[in-house]
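I opened my notebook to look up a few things in this structure. My plan is to go residue by residue and write down what I find.

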Amino acid sequence: MDLQTITSLMLSSDYKDRMKAEYYHLQNRKDNLEAVIKLWDSGKLPFTPDCPRSIYDLQLRSMKDYMAILEARAKIEKIALS
């Protein structure tokens, strides 16, 4: 989902829309981090990270855990994320 759409959801007065925005924003950021890690693993990353790879892995794992929490909450609160 594009950032303009996510931003409009973030500004909604409906908490369900704001939760969707939170989820979609996190999903975009996770996907981007996964792309960076894939480039890193293939030796095609166009820069040299200052942080060790383990920090990137920890961040990605945390993002996935957070997404799982939001998905569980959405299911309980009957919020369609797709």
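**Entry 1: Lys 78.** I started with Lys 78, which lies in the segment after α3. The model I am reading is predicted. I looked up the backbone at Lys 78 and found phi near 55 degrees. That is a positive value in a residue other than glycine. Is Lys 78 buried or exposed? Lys 78 has a relative accessible area of 70%, so I noted it as exposed.

**Entry 2: aromatic pairs.** How many aromatic pairs does the structure hold? I found two. One joins Tyr 23 and Tyr 24, with ring centres 5.9 Å apart. Their planes stand at 70 degrees, and over 60 counts as edge-to-face, so I labelled the pair that way.

I then checked how open these two residues are. Tyr 23 has 8% relative accessibility, so it counts as buried. Tyr 24 is buried too, because its relative accessible area is 9% and the cut-off is under 20%.

**Entry 3: Trp 40 and Tyr 56.** Next I looked up the pair of Trp 40 and Tyr 56. This pair is edge-to-face, at 4.9 Å from centre to centre and with 85 degrees between the planes. Where do the two residues lie? Trp 40 lies in helix α2, residues 15-42, and Tyr 56 in helix α3, residues 53-76. The pair therefore ties together parts that are 16 residues apart in sequence.

Trp 40 has a relative accessible area of 24%, so I wrote down partly exposed. Tyr 56 has 15%, so I wrote down buried.

Arg 53 lies over the face of Trp 40, at 5.7 Å from the ring centre.

**Entry 4: the core.** I turned to the largest nonpolar core, which has 17 residues. Which members touch the most other members? I noted Tyr 23 and Leu 33. The elements that give two or more residues to this core are α1 (3-10), α2 and α3. With seven residues, α2 gives the most.

Methods:
Residues numbered from 1 in each chain as written. Predicted model: local features only at pLDDT ≥ 70, side-chain atom pairs only at ≥ 80, totals over all residues. Heavy atoms only, no water. Phe/Tyr/Trp six-rings, centres within 6.5 Å; stacked < 30°, edge-to-face > 60°. Buried < 20%, exposed > 50% of the residue type's maximum accessible area, 1.4 Å probe, protein only. Helix = DSSP H or I, 4+ residues; strand = E, 2+ residues; numbered from the N terminus. Lys NZ or Arg CZ within 6 Å of the ring centre and 35° of its normal. Core = buried A, V, L, I, M, F, W, Y, C linked by side-chain atoms within 4.5 Å.
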